[in-house]
Each structure stands twice: as C-alpha cells, then as structure tokens.
2 protein chains.
Amino acid sequence: MLKRYFPIVEWLPRYDRQTLSSDMVAALIVTLMVIPQALAYALLAGLPAIVGLYASILPLFAYAVFGTSRTLAIGPMALVSLMTGAALVEVATPGSAAYLEAAITLAFLTGIILTLMGLFRLGFFANFLSHPVVSGLLSASGILIAASQLAGLAGIEASGFTLVTQASNLLANLDAIHWPTLAIGLASVALLQLFRRARPRLKAWGMNARHASFLVKLGPLFVVALTTAVCWAADLPSRGVDVVGDVPGHLPPLGIPSSDLGVWRDLLVPALLIGIVGFIESVALAQMLAARRRQRISPDQELIGLGTANIASAVSSGLPVIGSLSRTVVNFDAGAQTPAAGAFAAVGVAFVTLFLTPLIYFLPIATLAAIIIVSALTLIDTRTLRRTWRYSHGDAAAMLATIVLTLVQGVEAGVIAGVGLSIGLYLYRTSRPHSALVGRIPGTEHFRNIHRHQVESSERVALLRIDESLYFANARYLEDTVYGLVAEHPELEHMVLICSAVNLIDASALESLEAINLRLKDSQVTLHLAEVKGPVMDRLRYSDFLEHLTGRVFLSTYTAWSELQQGHQPTAHNAEAPLGDVTTKP
Amino acid sequence: MLKRYFPIVEWLPRYDRQTLSSDMVAALIVTLMVIPQALAYALLAGLPAIVGLYASILPLFAYAVFGTSRTLAIGPMALVSLMTGAALVEVATPGSAAYLEAAITLAFLTGIILTLMGLFRLGFFANFLSHPVVSGLLSASGILIAASQLAGLAGIEASGFTLVTQASNLLANLDAIHWPTLAIGLASVALLQLFRRARPRLKAWGMNARHASFLVKLGPLFVVALTTAVCWAADLPSRGVDVVGDVPGHLPPLGIPSSDLGVWRDLLVPALLIGIVGFIESVALAQMLAARRRQRISPDQELIGLGTANIASAVSSGLPVIGSLSRTVVNFDAGAQTPAAGAFAAVGVAFVTLFLTPLIYFLPIATLAAIIIVSALTLIDTRTLRRTWRYSHGDAAAMLATIVLTLVQGVEAGVIAGVGLSIGLYLYRTSRPHSALVGRIPGTEHFRNIHRHQVESSERVALLRIDESLYFANARYLEDTVYGLVAEHPELEHMVLICSAVNLIDASALESLEAINLRLKDSQVTLHLAEVKGPVMDRLRYSDFLEHLTGRVFLSTYTAWSELQQGHQPTAHNAEAPLGDVTTKP
C-alpha cells in the first residue's frame with residue numbers, strides 16, 4: 001500500500017554512494033538544459049520568464065516522491081505551455097496579475113484532476129488518444145508554436161494562439177519589425193541549428209560520441225550566454241531590444257489560485273485536456289525508457305505523480321508541468337538511476353533562481369523565441385503521416401483532421417476532434433464485421449471461406465464465421481447478414497455461427513441473437529453456435545439464451561458439420577458456386 | 001438502379017386482385033386505428049389534433065413509393081411526438097402560428113436529414129444506439145408521456161417536457177382540476193384497460209382468436225365514439241369540458257416551413273435525433289416482420305423512405321412521422337401484402353378528414369389523453385432492465401443512466417448520454433483485453449491458459465494469446481502487458497503473440513507493436529507472431545513492420561512452440577506455477 005502510493009520508499013532505502021554520483025552527474029546536465037527551456041516556455045504561455053524557473057523546482061521534488069519512472073524529467077514543456085497560454089487568454093489579459101493567478105489556478109486544477117484520476121485508477125482514459133492523433137497534434141502544435149514565436153523574433157507584440165490570429169497579427173505589424181531584435185533572433189536560430197548539426201562533425205574531429213551529444217544539448221545555453229553578453233556589451237536594451245530584465249532573486253513565492261469561481265469553471269476543460277495530453281506524453285516516454293532497463297511504471301501512479309507535481313507547481317506560483325521529452329532523454333543518457341536526480345536538478349534551479357538571475361538581465365527575448373522555434377520545428381513529423389497513410393487511409397484521415405483543426409481552431413479543438421474521429425473510425429470498422437461462409441477442405445477438419453478455397457459445402461447447412469466481437473454497433477448488421485442468407489437459401493435447414501473470433505457478446509448482441517433464433521425458428525431454420533470461447537460462454541449462462549436456442553453449441557466447426565451432415569452428401573464447391581456473397585470488408 | 005431507389009417498381013407490376021383484397025382489409029382496420037392515435041399524438045406534441053390526420057395521408061403514399069418494408073405503417077408516434085413537442089417549445093409558443101410553422105420545419109428538416117443519410121448510405125449510424133439504451137429510452141419516455149397527459153386528463157393546462165416541470169405544474173395547479181373532465185378521463189382509462197384485457201375473455205366466450213385480437217385493437221375507437229356521444233348528449237362543453245371542437249373539413253393545406261433561419265438552426269439537432277430514433281424504431285420493426293416472411297429490407301433505402309415520408313408530412317402541414325409499432329403489427333396480422341395497404345389507409349384517413357370531422361367535434365381532450373396514457377404505459381419495460389442487469393451490470397448501468405437522464409433532462413439528453421455511455425463502455429471493455437499465457441497440453445497440438453490447465457511451458461518462450469482486436473484504446477495496455485512479462489521473466493528469450501482473435505490492427509497498435517519489437521530487441525528478447533489472420537496480414541504488408549520484426553510469423557502456435565523449443569526441454573506446469581498472472585478480465 002505504502003509502496004504503491006509512495007514509490008519513493010522502494011528506492012530510497014537502497015540509495016548508495018554510486019547511485020548518488022550517477023544521479024548528481026545527470027542532475028548537473030539537466031540543470032544546465034532546463035534554464036533556457038524553462039524561461040522560454042514560460043514566455044510561450046504569455047507569462048514572465050521567471051515563472052518557468054518557479055515551475056522547475058518544487059514539482060521535481062513532488063514527482064521524486066510520487067512518480068514511478070526513474071528518469072522522467074518534469075517541468076514546463078512546449079505543447080502544454082501553448083495550451084496553457086490559449087486557455088489563459090480566454091480568462092485574463094496577458095501581463096496582468098489576474099493572468100498569473102489564472103496560470104496558478106490552471107496548474108492547481110490540472111494537478112487535482114490528474115491526482116483524482118490516479119486515485120480512481122482512470123489511467124486507461126489516456127488510451128483514447130490514438131498514436132496518429134497524438135502525432136498529428138504534435139506536428140500541428142510544432143507549427144503553431146514556431147509561428148507564435150515569429151513575433152517575438154521580430155520584436156513585434158505577440159497575439160493569439162491559432163494560426164490565423166498569429167498570421168494576421170504579423171501581417172498587420174510588418175512595419176513594426178525591430179531590426180536589431182530580428183538580427184539577434186536570426187543569429188540565434190542559425191547558431192542553434194549549427195549546434196544541432198554539429199554532432200557528426202565533433203565526432204569526426206575525434207570527440208567521444210557521448211561527449212559530443214552532451215555538448216550539442218548545451219547549445220541553447222551557449223547561445224543564451226553569447227547573446228546575453230553581446231546585448232550587455234553593446235547596451236542593446238537602450239536601442240529597443242527587449243530583454244528579460246530585472247528578475248526578483250528569491251525562491252518562488254506562495255501561489256494563490258484565483259478566488260473567482262467563474263475562472264475555475266472556464267479553466268476546467270483546458271485543465272482536463274492539458275492533464276490528459278501531458279499524461280499521455282509523459283507515460284509514453286516513461287514507458288519507453290523503463291522498458292529499456294526492464295523496469296516498470298504504473299500509469300495510475302504516474303497520474304498521481306504528475307498531479308502532485310502540478311499542485312506543487314501551483315503552490316510555488318508556477319504553470320502546468322509535465323515530463324519533458326528532451327530533458328528526460330538526456331537525464332536517461334547521463335545515467336540517472338532514481339528520481340533523486342530530478343530533486344538534485346531542482347536544487348540546481350533553485351540556486352540559479354536565488355543567486356544568478358542578475359546574469360540573465362540582458363538575455364534577449366528574441367533568443368528565447370529562437371530556442372522555442374528551433375525545438376518546435378523538430379515536433380513536425382511528416383514521416384508518420386506518410387507511413388500512416390500507406391498503412392491505413394482511415395487513420396491518416398483522422399490524423400489530418402487533427403492537424404487541420406489544431407492549426408485553425410487550436411489544440412483543444414484538435415484533441416477533441418481527434419478523439420472523436422478515432423472512436424468513430426473504430427466503431428465504423430467494427431460495425432460491419434468481416435464474416436464468411438466457410439466450407440470443409442475435403443478430407444480435413446479445416447474450414448475455409450467458400451469464396452477463396454475449393455471446399456465442400458451444403459445448401460442445407462450454412463457455416464458462418466464471424467470475425468469480430470458482437471456488440472451494439474454490429475448487432476443489427478449480424479441480423480441483416482443472417483436474414484439475408486436465409487432469404488437467399490430457401491433450402492437452408494441449419495445455420496451455424498462460428499464464434500472463434502468473438503471475444504465479447506454485449507446485451508445488444510445477445511438480444512439480436514435471441515431475435516435471430518426466434519426468426520429462424522419461424523422460418524424452420526435451426527440456429528447453432530460453434531467454437532464459443534470460455535469467457536463468452538460463461539457470460540451467456542447468465543441469460544436464458546442457451547435454453548431457448550433451437551440448435552446446439554458445438555465445440556468445433558468439424559463436429560457441427562459432421563453431425564448436421566449425417567445422412568446427407570455434401571456438394572463440392574468453389575468460388576463460382578451459387579451461394580451468395582456475404583463476405584464483406586469494412 | 002430504379003429498383004434500388006424506387007422499390008415500388010418491384011411489387012406494383014405484379015399487383016393482382018388477391019393482393020388487392022388482402023391490402024384492402026388491412027387498410028380498413030389500420031384506418032380505424034389511426035384516427036384516434038393521430039389526433040392524440042398531435043395533441044401530445046402540443047399541436048391541434050387535426051395536424052395528426054394531416055400527417056397520416058401524404059406520408060403513407062410517399063413511403064409506399066420509396067419504402068422497402070411491405071407492412072410498415074407510417075404516421076405520428078408517441079415518442080417522436082414527445083420529442084417534437086420538446087423541440088418546438090424551445091422555439092415558439094404552443095398554440096401560435098409560429099409553433100405550427102416550426103412543426104412543419106422540423107418535419108421537413110427530419111425528412112431532408114433522413115433522405116441525405118440514405119443517399120450517403122449512413123444507415124449504420126443507427127447502430128450506435130444499443131438495445132439497452134433504446135429500451136431505456138422507451139421506458140423513460142413511456143413515463144414521461146403518461147405524466148405529460150395527466151394534466152390533460154384532469155383538465156389542467158399542460159406544460160413542460162421533463163418530469164420535474166410536469167410534476168411542479170401539476171402540483172401548482174391542483175386546485176384547477178376540472179372534475180367532470182377528470183371523470184371522463186378516468187372512465188376512458190378504465191374502459192381502455194378493460195379492452196386491453198378482454199382478449200382471453202372473448203376467446204373464452206368462443207370468439208375466433210384473430211377476431212378477438214382485432215376487436216381489442218379497436219378499443220380506442222370505441223371509447224372515442226362512446227365519450228363523444230356522452231359529451232354531445234350531456235352538452236358537456238358548456239360545463240367546461242375541453243373538446244376537439246371545430247375542425248376544418250378539407251384536405252391538408254400546403255405546409256410552409258419557417259422563414260426564420262434561427263428556427264432552422266435550433267431545430268437541426270432535434271431533427272437529427274428524431275430522425276435517428278425514428279429510423280431505429282422503424283427499421284427494427286420492419287426487419288423483424290420481414291424476417292418472418294423471409295423478405296428483406298434495405299436500411300439505407302428505409303432512410304430514404306422515411307425521409308420522403310417526412311418531407312411529404314411537412315408539405316401537407318404535418319408533424320414528424322415514423323413507423324408505428326401498434327399499427328404496423330395490426331397491418332401485418334391483418335394480412336397486408338404490399339405498401340399499397342398503407343396508401344389505401346391514407347385514402348381512408350383523407351375521407352375522414354374531408355367528411356367526418358364534424359363527428360369529432362364533441363370528442364373530449366381527456367379521452368385522447370387517456371388513450372395516450374394507456375398506450376404509453378405499455379412502453380415501460382422493467383423486464384429488459386432486470387434481464388440486462390443479470391447478463392451485464394455495465395450494459396444495465398448505461399440503460400439506467402439513459403432512463404434517469406431522459407426523465408430529468410428530456411429525451412435528447414437521454415439519447416446523447418445513452419450513446420456516449422454505450423460507446424464508452426465498449427471502449428473500456430476492449431481497452432483491457434483478456435490475454436493469457438498459454439502452454440501446450442502434453443502430447444497434443446493444443447495450447448491452453450497455463451493458469452487453468454495442466455500444460456507444458458517454458459521460461460525461455462512466452463506464448464501470449466491476445467483475445468481482442470488491437471487498436472488505439474488497448475495498444476498501450478498491450479505494451480504494458482508485454483513489458484510486464486519481460487520484467488518478470490529474466491530468462492525470457494522469445495515472446496510469441498498469438499493473434500487468432502485479432503481481427504484488426506490499427507495504426508496505433510502497429511506503432512505499439514513496432515515499439516514492443518524495438519524494446520524487446522534492447523532486452524535481447526525476440527518477438528514472434530503466430531496465427532495472424534489473412535486480412536490482418538494483408539494490411540501489415542503495407543507497413544515495414546514485418547521487415548523489422550526480430551522474429552518470425554508462424555502459421556500455428558504449435559509450429560512456433562516446437563521450433564523455438566528445439567534442443568530445450570519444456571517444464572511441466574500447472575496453475576500454481578511461478579509464471580506471473582497476466583490473465584485479466586474487463
């Protein structure tokens with residue numbers, strides 16, 4: 001019990017010096033990475049940059065206590081910051097105290113929702129977002145995020161969280177472009193891209209592969225240092241270049257959520273969506289890395305870990321946080337052994353917040369915009385779209401719809417449409433199940449589709465194999481298929497439903513089976529079942545269907561065939577035989 | 001083509017004298033039944049009684065041309081009238097010209113929606129309403145309909161379409177009860193109940209069973225005649241008893257839909273729901289009766305049939321119409337052979353509308369309320385709820401939620417919640433699929449769950465049978481199950497996924513399989529598939545999964561087992577064996 005809700009008790013007692021040194025090394029690297037990212041993602045959400053640092057301290061401690069992943073690095077993250085900003089502008093004016101208060105409220109609500117979902121073991125909810133939808137969402141938000149920072153890059157006031165509002169804002173303010181700011185921004189982008197592509201070159205120069213990787217990851221930190229230095233040396237703020245400016249050098253103040261119930265209500269749906277999207281991203285990441293070390297994570301406990309991290313963020317005046325892809329991977333590669341690495345990184349961030357904020361006074365906003373743009377562009381993933389299209393046009397269509405809706409209407413609309421379309425697509429696919437009349441391969445106990453194979457069949461006995469669970473969405477289709485068969489075969493006496501692929505029969509399907517049984521009785525056709533699975537049979541025993549069934553339940557198709565054929569000669573059959581085509585494919 | 005969209009061309013050329021006489025007899029009985037019902041259901045929707053007759057003429061001709069059921073009797077129906085009333089009070093004041101105009105608009109919209117759905121072959125949409133939800137909906141609307149008529153029975157002004165508004169209206173107006181009206185109402189209820197139960201007695205008196213049935217069905221007509229006569233003889237209208245009053249004795253006037261676009265927009269969702277609910281009820285009925293005579297109906301063409309019937313109703317100033325349960329069954333029993341029976345009934349109703357409306361001047365409103373109450377109470381079906389509960393608590397919970405929401409919030413809320421819950425329940429059930437580690441029954445080629453049977457298994461080779469299609473909702477669950485197995489079995493070398501019950505692998509599940517393949521590779525475990533179905537295999541070939549699969553695709557579990565076991569001794573196993581429990585049941 002204690003172990004389940006407090007995973008920390010599992011690893012803390014066994015903590016030794018070697019684990020400590022692995023964790024410390026990882027923590028140092030993550031701290032250096034988190035600072036520019038945290039500042040940038042806070043800006044992306046329309047918040048003061050320092051809020052990003054606030055959200056990177058306490059949440060890491062909370063996750064260390066309640067989280068099950070050994071390596072997940074918690075903090076602000078691009079997509080979630082975008083969703084945060086989109087939700088906040090609906091309830092407050094950017095820059096106002098109410099806006100920050102709303103951010104705290106949103107983090108708090110997200111935390112409460114995630115924690116409750118965890119306590120009620122609702123982790124499976126996350127499964128309703130399909131891979132293509134999540135991938136589409138990430139691609140579209142990559143475009144949105146990059147576009148949202150073009151304004152910052154050019155020194156224009158930013159506005160809006162959909163592509164249309166962003167584009168029209170940019171076009172309307174083209175004359176307001178601040179050229180020195182744009183120069184710094186473009187230079188930062190160029191430098192960051194250079195770093196990104198530097199890895200093979202560094203290796204070619206003889207550098208160890210791991211060292212090269214780490215150096216590349218520290219690119220943003222280098223660009224921050226360089227542009228800050230340039231800005232300070234040339235006194236660019238006096239020439240109108242926006243910088244981070246004065247930042248209070250103290251630990252996060254206590255966060256107090258909004259006292260306006262209307263704000264809570266307006267933020268409820270965004271909090272739910274941020275929670276679910278964040279949870280999916282984090283769990284997928286944590287699961288992937290845990291599997292590499294043959295460790296396990298518990299999705300329900302992860303909800304509690306992320307939930308308490310968000311509550312901790314709210315308490316310390318932060319914004320919603322989740323597991324960060326880039327930092328988590330670095331943390332893992334650097335050898336983090338336990339969540340203590342996260343706690344050490346938090347100590348590092350706290351140190352920076354306390355003592356080093358004067359150093360970022362001259363950090364240009366355009367540099368942070370450049371960092372966001374470069375990392376956002378990596379979210380765009382056209383390969384998955386192409387692959388999905390090749391595998392399944394339906395899945396790809398759901399993905400495309402998610403992309404388009406996210407770009408036009410924002411992330412929330414994209415998520416909702418994506419979930420709806422995935423579910424609709426699945427229901428549509430299972431609503432017209434593949435079914436096949438089968439016949440016996442002569443001399444064997446095997447049965448195959450009469451339209452694909454040379455098999456024996458009979459006008460008196462129809463063997464219908466159903467390749468899907470039977471539930472409400474296909475119950476009437478089953479009735480239709482069976483009645484159609486009966487209408488087409490006037491000599492039919494026995495109808496055998498082969499249920500080897502039927503994993504479930506719900507109450508609707510049961511009623512349809514009862515209706516079929518009754519109607520076939522009216523038509524003097526006996527209904528039989530064959531190869532019913534154990535769990536399905538157990539369930540059927542709770543109804544009186546088996547008592548009223550006109551025929552029998554056969555263990556195998558072969559038994560059904562041989563007993564029903566007794567005294568009758570089967571007729572040889574092939575694909576051109578007169579038996580009607582009931583083979584349908586969704 | 002002609003045959004598909006105009007089913008009339010199939011039966012009209014073969015129409016002969018014998019069919020004519022069968023149809024005429026059925027039409028006569030249906031005409032006598034339809035008159036009190038049509039008047040009552042129009043009142044239920046808050047419309048003048050005569051509108052019910054208008055809706056029982058032209059729509060029957062339209063359905064005769066476009067419908068595929070030979071016996072479905074079209075017209076106003078209780079549940080649909082209730083939904084119509086609930087939709088109309090939102091946009092207009094009952095009794096006003098705008099209210100009638102809105103009714104015409106609603107019928108028109110419903111007709112257009114149904115026709116379009118038919119042309120686009122969207123009949124499968126109806127499948128998303130599960131049997132338990134439809135049954136719950138009918139039960140709840142039975143209560144709602146009966147409650148809504150208590151006011152009419154007591155001579156109180158009616159109001160509202162939810163149980164709460166109806167009850168509070170009744171309680172607030174208890175002092176307004178008109179006792180003579182209530183007396184007529186209660187007497188009508190008593191007489192109608194007497195008729196309902198008269199069948200066994202009539203048979204005991206030696207009457208032919210069929211004649212007895214028909215006599216019983218004409219009960220409402222008899223009660224109408226009797227109370228009208230009493231009302232006329234005692235001049236009750238002068239004592240305050242509400243009667244139908246003056247009805248224009250002419251054919252339906254041309255219906256003109258509302259010119260207010262806002263009204264159209266507000267009626268769009270109600271029209272959609274009325275269309276779908278009506279379609280489901282009609283198709284279920286038509287299908288049941290067609291199966292008895294080994295005929296077939298086409299759901300998509302039925303949409304067109306019902307759609308044109310509703311457009312016809314709108315054109316002739318009527319309200320939304322669908323197939324009526326009671327009249328359809330009578331039509332079938334009376335021997336109707338073709339939709340011409342419906343057309344003849346329409347001629348009968350037209351005759352009544354033209355020449356006999358003076359006869360219903362003295363028909364008390366309370367009698368019509370009594371007719372509705374008695375027929376509405378038959379909709380309440382607690383048996384299905386009990387049976388569903390016994391078979392599946394989940395399905396029964398969805399049904400109960402539909403009932404409660406319909407009562408509290410109205411039919412629309414009930415339908416939406418019911419659909420949502422059914423889908424959610426199904427997704428939940430399939431999101432944690434049953435899976436089982438299987439072992440070989442010694443000396444055979446059969447494999448069974450190692451926790452239920454005495455089988456051979458191996459610590460090196462895990463045979464995992466998955467009893468569900470793999471799609472987004474269970475893709476991560478599959479990953480979790482597999483990773484869990486790998487974490488628990490350090491000696492594992494081969495993981496075989498047995499896919500005999502996997503009917504579908506969507507893009508999400510494919511990605512999970514790819515992830516599993518990669519992760520297992522990292523853990524030095526080889527992934528194999530076995531018993532993959534033809535259509536699933538065809539689809540997998542569109543991806544590069546099979547090229548990257550570390551292991552092989554085996555045709556049978558036995559082949560997989562014997563090839564992977566080569567040179568190794570299997571260990572005997574039973575249910576107490578150390579292999580972890582991955583058998584889970586939703």
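**View 1. Helix H6 of chain B crosses helix H7 of chain B.** In this predicted model, H6(B) passes H7(B) in a right-handed crossing, a crossing being right-handed if the near helix is turned clockwise from the far one by less than a right angle, and left-handed if anticlockwise. Helix H6 spans residues 78–88 and helix H7 residues 97–119, and the two pack at an angle of about 125° with their axes 10 Å apart, the axes being lines fitted to C-alpha atoms over the stretch in contact and the angles running from 0 to 180 degrees between N-to-C directions.

**View 2. Residues join H6(B) to H7(B).** The contact (C-beta atoms, placed from the backbone, within 7 Å) is made by B:Thr84, B:Ala87 and B:Leu88 of H6(B) and by B:Tyr99, B:Ala102, B:Ala103 and B:Leu106 of H7(B).

**View 3. Chain B meets chain A.** The contact takes 59 residues from chain B and 57 residues from chain A. H22(B) gives the most to the side of chain B that touches chain A, with eleven residues; helices here are DSSP runs (H or I) of at least four residues, numbered from the N terminus.

**View 4. An axis relates the two copies.**

Residues are numbered from 1 along each chain as its sequence is written, while chains are lettered from A and ligands numbered from 1 in the order in which they are written. Because the model is predicted, local features need pLDDT of at least 70 and side-chain atom pairs count only at pLDDT 80 or more, whereas totals for chains, interfaces and linings use all residues.

Key
Two residues are in contact if their C-beta atoms, placed from the backbone, lie within 7 Å.
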